[in-house]
Amino acid sequence: MELKEVIEKRQTIREFKDIDIPIEIINYAIENGFKAPSYNHLKEWDFIILKTTEDKAKLINAENLGTKRDIQKDSQVVFNDVTIKAMYEYAIPKQKSMILDAPLILMVVYKPKTPIKNIKRIYDLNCLASVWTCIENVLLSLAEHDVYGVTYIPKKTDDIKLLFNIPNDLEVASIIPIGYKQDDAIIPKKKSISISEHIHYNNW
């Protein structure tokens, strides 16, 4: 498959079939993840694979995803773009179910240059930026095999680290529920981008 085909094929999916993903596909995606550029060339990234309902429930409870929220009220306050507002109103209520229903959760862990709470310079985010190049490689490699996911950025990382015995000097970059797409899965409309409006020569 051509690179452009894989890039266009990748989708953010929150509704999954109840079908196990072969470990060979997961290993292939992670192997390609480690081929991404790394800030310090050390590729200090690790992956935790979660499959049990008990482990998924730990994540949901740690992140308070069972708490009811007035989604429409929140979106009215936060967003003025119609496309982004629609995406928010669809995505937020799915956070609990996408973790429970996904056959597999991939938790991506990295070693930061500076503890998150002490960051003062853009330079201090280099490790976070590089782990996201790894995550994109993983998502593209999964899409090559018709496996899709959604990146969820946890808020209660200290609680999650404690629950899953993650060393204190590491951080959780993302929690990624992955699986085969439900036949009737909703794919929210993407914002249309004009490339020419985002390319600048010599100055802004």
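Is His41 buried or exposed in this model? With a relative accessibility of 68%, His41 counts as exposed; the cut-offs are under 20% relative accessible area for buried, over 50% for exposed and partly exposed in between, with a 1.4 Å probe and protein chains only.

Before going on, some ground rules: this is a predicted model, in which local features need pLDDT of at least 70 and side-chain atom pairs count only at pLDDT 80 or more, while totals for chains, interfaces and linings use all residues. Residues are numbered from 1 along each chain as its sequence is written, and side-chain values use heavy atoms, with hydrogens and water left out.

**Loop residues**

His41 sits in the loop between H2 and S1. Helix and strand names come from DSSP runs (H or I of at least four residues for helices, E of at least two for strands), numbered from the N terminus.

| Residue | Phi | Loop | Relative accessibility |
|---|---|---|---|
| Asp146 | about 65° | between H7 and S3 | 39% |

Asp146 counts as partly exposed. So does Thr52, at 40% relative accessibility, in the loop between S1 and helix H3 (53–62).

**Helix H7 and the core**

Now to the inside. The largest nonpolar core holds 24 residues, and Ile21, Leu142 and Ile178 have the most contacts within it. A nonpolar core here is a set of buried Ala, Val, Leu, Ile, Met, Phe, Trp, Tyr and Cys residues joined through side-chain atoms within 4.5 Å. At least two residues each come from helix H2 (23–33), strand S1 (45–50), strand S2 (104–110), helix H7 (126–143) and strand S4 (171–180). H7 gives the largest share, seven residues. A separate core of 23 residues includes Phe16, Leu65, Ala102 and Ile175. As background, nonpolar side chains tend to be buried together in soluble globular proteins.

H7 itself has 18 residues and reaches 26 Å from first to last C-alpha, close to the expected 26 Å, where the expectation is 1.5 Å times one less than the number of residues. Its buried residues include Cys127, Val131, Ile135 and Leu139. Among the elements covering the buried residues of H7 are helix H1 (3–9), H2, strand S3 (147–149) and S4.

Leu142 touches Ile25, Ile26, Ala29, Val147 and Ile178, leaving out residues up to four places away in sequence; contact means heavy atoms within 4.5 Å. Ser130, also in H7, is buried at 8% relative accessible area. Beyond neighbours within four places in sequence, Ser130 is in contact with Pro37, Ser38, Tyr39 and Trp45.

**H2 against H7**

How do H2 and H7 cross? Their axes come within 7 Å and cross at roughly 145°, with axes being lines fitted to C-alpha atoms over the stretch in contact, and angles running from 0 to 180 degrees between N-to-C directions. The crossing is right-handed, that is, the near helix is turned clockwise from the far one by less than a right angle.

On the H2 side, the residues that meet H7 include Ile25, Tyr28, Ile30 and Asn32. H7 answers with Cys134, Asn137, Val138, Ser141 and Leu142. Sorted by class, this contact has eight nonpolar, four polar and no charged residues.

Methods: Nonpolar A, V, L, I, M, F, W, Y, C, P; charged D, E, K, R; others polar.
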